[in-house]
Amino acid sequence: MSGQPNTRLSDLFGLAGWSKGELARLVNRQAAAMGHPQLATDTSRVRRWIDMGEIPRDPVPRVLAALFTERLGRVVTIEDLGLVRHGRTGKRSRDGNAEHPDGVPWAPERTAAVLTEFTGMDLMLNRRGLVGAGAALAAGSALSSAMHDWLHSDPALTADAPRPNRPLHADPIGSDRYEAAPIGSQEIEELERSVEVFRAWDAARGGGLQRKAVVGQLNEVGGILAYRHPPHLQRRLWGVAANLAVLAGWMSHDVGLEPTAQKYFVIAAHAAREGGDRPRAGEALSRAARQMVHLGRPDDAMDLMKLAQSGSGEEVLPRTRAMFHTVEAWAQASMGKGQAMRRTLGRAEDLFVSDKGDVPPPSWMQLFNEADLYGMQALAYRTLAEFEPQAATHAQHYADKALALRVDAQQRSKIFDFLSMASACFIADDPEQADRFARLALVSMGQNSSHRTWDRLREMYRLTAEYAGYPRIEELREEIEVALPKPRGKGGEGTRV
């Protein structure tokens, strides 16, 4: 017992709207349903958890996490509740920012447990179809400052190494954990192939339809990671976990589950570092940065990109650094910093060309090809055109080059390119061409489950107002108004921040 209030638990308790007596009764009922009928919680115990920082014994933290997840309609973990032993208990500074937001970085032995707990809660939430009060996204500066020293230090792989004369075993991470077992290289190869299948589906159709399957696969990998494996197998398992966590995050972002997406990106960075793959950790953070730009927070994106680039280590390939620069350039364009954006895109082009291909790129970089480079350049210039209309011509140029190289397997990226081109054409006072590309995007979007494409369509729709008197554009506006999904409710995870 710390003697200090657990502000994390207190805040969530206030959101839930229970009385202390109600929560005590719910804990007893839920614990009995989970196989612990002997539990007898009362109002005074709940008061000690909240007001005195007392951490209850297992299974109470897991019971509380399940109750708050169901009540709030979003994933709530034990760490979110400030109920992790041997760490902080929810105390935070007066401004409301914890020294390590979201409990990061956590100890190496906690990564598999956090991964498994979070995915388990996410699956429960997914099954019940709950949508409620969303969590706040952590600021990029808070995340980067908390993770800086940890990411720059050498990965502590000793935590994953088998101990002499000790059989393979599972760490106790909760009775609800998937009962996995130690596996060999053949099973890991199958897991790695499953990542490729999920990645291809996401690129073609968006994240909505396969998100649950990816989260389920990640949950299973978390259970497997609770066992000790030989170092070379354990590193590959961490790589699978990192790749699946990035996919789960990207798919969550794709359907508007923003705080959930950010949590998966942080989990992916932890998993990658556990496996000794610092470039992969940096790429996971670059995804979090792209999310921030999409949500209108380019300053936070820049903070995350500084950490992604500096923490990726010396072994990062030129093409990966080129990709990092395109994200940074998009953030700069969102702030109207045209000169800085152009310099950054120039560095991205130089790095991309300098990559001779003599070192095979990792699987997670294979989708960043020449078409993606052009597509990101088009997006950056289209974004800058809101501040400098003459940049629209450059956006058209790069969007055209990207579309010429796109394949059908990159359907979502093609939609983004269509929308970049249409928006640039409107800004460049070419409504006829804008109408053509907007309709190409609209036709393709019905077969895609990406909410982000609809967000970009809304941005383009705003530009059509100036040409509302044109018959073709008036028809286009009407078609878009019919096709657009209804705005997602305020306060939930689906809301843009």
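At 11% relative accessibility, Trp150 counts as buried, because the cut-off for buried is under 20% relative accessible area. The model is predicted. Its chain has 20 helices and 0 strands. Of the 497 residues in the chain, 55% are buried. Contacts with a sequence separation of 6 or more come, for 76% of them, from residues 24 or more positions apart.

- Trp150 sits in helix α6, which spans residues 140–152.
- Along the sequence, 120 residues separate Trp150 from His270.
- In space, the C-alpha atoms of Trp150 and His270 are 9.6 Å apart.

**Nonpolar cores**

- The largest nonpolar core has 100 residues.
- Leu23, Leu64, Phe68, Leu81, Ala241 and Leu244 have the most contacts inside this core.
- Helix α9 (residues 231–254) gives the most to the core, with 13 residues.
- A second, separate core has 41 residues, including Leu345, Met421, Ala438 and Tyr467.
- Leu64 is in contact with Leu23, Val27, Trp49, Leu81 and Leu83, neighbours within four places in sequence left aside.
- Two of these partners, Leu23 and Leu81, are listed with Leu64 among the residues that have the most contacts inside the largest core.

**Ser252 in helix α9**

- Helix α9 also holds Ser252.
- Ser252 has a relative accessible area of 0%, so Ser252 is buried.
- With neighbours within four places in sequence left aside, Ser252 is in contact with Arg211, Leu257, Thr260, Ala261 and Tyr264.

**Helices α15 and α16**

- Helix α15 covers residues 370–384, and helix α16 covers residues 392–405.
- Their axes come within 8 Å and cross at roughly 155°.
- Angles over 145 degrees count as roughly antiparallel; α15 and α16 are therefore roughly antiparallel to each other.
- The crossing of α15 past α16 is left-handed.
- From α15, the contact uses Glu370, Ala371, Tyr374, Gly375, Gln377, Ala378, Tyr381 and Arg382.
- From α16, the contact uses His394, Ala395, Tyr398, Ala399, Lys401, Ala402 and Leu405.
- By class, the α15 and α16 contact has 9 nonpolar, 3 polar and 3 charged residues.

**Helices α13 and α15**

- Helix α13 (residues 318–334) packs with α15 at an angle of about 10°.
- The axes of α13 and α15 are 8 Å apart.
- Angles under 35 degrees count as roughly parallel; α13 and α15 are therefore roughly parallel to each other.
- On the α13 side, the contact is made by Thr326, Val327, Ala329, Trp330, Ala333 and Ser334.
- On the α15 side, Leu373, Met376, Leu379, Ala380, Thr383 and Leu384 take part.
- The α13 and α15 contact has 9 nonpolar, 3 polar and no charged residues.

**Met376 in helix α15**

- Met376 lies in α15 and belongs to the contact with α13.
- At 7% relative accessibility, Met376 counts as buried.
- Neighbours within four places in sequence left aside, Met376 is in contact with Arg290, Thr326, Val327 and Trp330.
- Thr326, Val327 and Trp330 are also α13 residues in the contact with α15.
- Met376 and Asp417 are 41 residues apart along the chain, and their C-alpha atoms are separated by 9.0 Å.

Conventions: Residues are numbered from 1 along each chain as its sequence is written. This is a predicted model: local features need pLDDT of at least 70, side-chain atom pairs count only at pLDDT 80 or more; totals for chains, interfaces and linings use all residues. Side-chain values use heavy atoms; hydrogens and water are left out. Axes are lines fitted to C-alpha atoms, for helices over the stretch in contact, and angles run from 0 to 180 degrees between N-to-C directions. Helices (H or I, at least four residues) and strands (E, at least two) are DSSP runs, numbered from the N terminus. Angles under 35 degrees count as roughly parallel, over 145 as roughly antiparallel, 65 to 115 as roughly perpendicular and the rest as oblique. A crossing is left-handed if the near helix is turned anticlockwise from the far one by less than a right angle, and right-handed if clockwise. Contact means heavy atoms within 4.5 Å. Ala, Val, Leu, Ile, Met, Phe, Trp, Tyr, Cys and Pro count as nonpolar, Asp, Glu, Lys and Arg as charged, and the others, Gly among them, as polar. Buried means under 20% relative accessible area, exposed over 50%, partly exposed in between (1.4 Å probe, protein chains only). A nonpolar core is a set of buried Ala, Val, Leu, Ile, Met, Phe, Trp, Tyr and Cys residues joined through side-chain atoms within 4.5 Å.
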